Amino acid sequence: MGRFGPAEPLSAAMAASDLSAQQVSVESVGDAIADGRLSLELRPRYADIASYDPNDRGHAWTMRSIVGWQTAAFHDFRVVVEGIHTDVVDAYHIDTTGSQYGDSQYPLLPDPRSTDTNRVYLEYVGLPDTRMRLGKQPIRLDNERFFSDVDFRQTPMLFNGLTVANNSLPDTEVYAALLNRIRTVFATQAKTRIWLLRIAYTPARDQSVAVYGYGLNQPQDGNDTWLNDNSHEVFGLRAEGAVPTRFGFSWLYTAEAAHQRHYAGGDPLIEADYWRLGGGVVWPSLADFGVRIDREVKTSNNGQYGFQTPYEDTYAFNGWALQFTVTPPTGLRDTWISVRAQPGRATLVAEAHHYGATYGSSDYGNEIDLRAAYAVTNSLTLKLQHARFHGGGLGGWIEFYDVTKTWLSLTYDY
């Protein structure tokens, strides 16, 4: 069910792919390469953005091309190597570089032209119920609120380092990481020092509980906030699931809370809380039709600092117009209703958001999001998305203006 209902546990996804692959091994390096498999993704996308800050309307075609190879296992090791090229075509009154974020005379579309390696890592699967990866890789945890590859952007965010996932305990996964570099969605590189630990338990089908913590030692230069050093650590607890009933529908629930504080020389103003509470119903027999309501709060430290999530899936939270990639210093309160259905090969989603401050009484605005996707084949998906944000006022030093965004994309995966 993804972000509407309970997310598939990472342990289940890993067990289905990585652990089963441990059973396949070859006798030589040549065989490992020859018996590997190709990865290929092509994604042309048209974007139209109308903004009132700056007051302009622009559009562009962008293209993502990813090609790579995953070897078969040789002595319990395998290698994944990918290259990525993103391009911009027919850009009109739009800034795709992100280099002038906040100062550009045109609306921002953070999908720059670039050529780079994508996933490049060595994987070891020789230990029971364990997967180890060393290198450049995506990280997607839970609903991707804190760690994501932000796959909606043409250049995904990737992390360099060591990750370990273990499923030795019944219905439990332990995930840990040490990371030292990030490739951002702007196709830039940044050094970092991140530790990450997550323990998840699945007490019943479609239900999970997770505790997590991470530390970020990265002074940065004020891009996320006005602070000189944004280093912080987060500790949290999350529960999510679906509870079936004898009436043909299932109850959905999500509850999460986390605390963020300064760490490794971070500014003492970094002190804030996060929580989310929501629920709804879904009817599997009615094309998975479901409706739910959620409230999510990022608190503020007396109007000087708001809870930040720099490695989240920015597209998946707080509206698709991407007005809250940085939490205002007066915090963020998001209350939304979502409706979803999957008739046949189609997926239909609608969301209505209302945003406000957690410190003071500022009304940031409202947003309507609509998405329609159609699986033409198992490898080809057509998707139309639209977001309309109506700004309501100030959020500390941030002022919110009206913006409308529309995307049309075609994705081919092999």
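**View 1. The largest nonpolar core of the predicted model.** In this predicted model, the largest nonpolar core comprises 28 residues, and those making the most contacts inside it are I139, F146, F147, F159, L196 and Y311. At least two residues of this core are supplied by each of strand 6 (158-166), strand 7 (172-183), strand 8, strand 9 and strand 12 (271-283). Strand 7 accounts for the largest share of this core, with four residues.

**View 2. The surroundings of F147.** When neighbours within four places in sequence are left aside, F147 is in contact with I139, R140, L141, F159, I194, L196, Y214 and Y311. F147 is also one of the residues with the most contacts inside the largest nonpolar core, and F147 is listed, with L141, D142, F146 and Y212, among the lining residues that lie nearest the centre of the largest cavity.

**View 3. The largest cavity and its lining.** The count of cavities of 30 Å³ or more comes to four, and the largest cavity holds about 100 Å³ of space. Its lining consists of 13 residues, which by class are six nonpolar, two polar and five charged. Strand 8 (189-204) and strand 9 (207-216) each contribute at least two residues to the lining of the largest cavity, and the largest share of that lining, three residues, comes from strand 9.

Methods. Residues numbered from 1 in each chain as written. Predicted model: local features only at pLDDT ≥ 70, side-chain atom pairs only at ≥ 80, totals over all residues. Heavy atoms only, no water. 1 Å grid on protein atoms, 1.4 Å probe; cavity = no way out; pocket = protein on both sides within 12 Å on 5 of 7 lines; lining within 4 Å. Points joined across faces, edges and corners; volume = space filled by probe spheres on them. Nonpolar A, V, L, I, M, F, W, Y, C, P; charged D, E, K, R; others polar. Core = buried A, V, L, I, M, F, W, Y, C linked by side-chain atoms within 4.5 Å. Buried < 20%, exposed > 50% of the residue type's maximum accessible area, 1.4 Å probe, protein only. Contact = heavy atoms within 4.5 Å.
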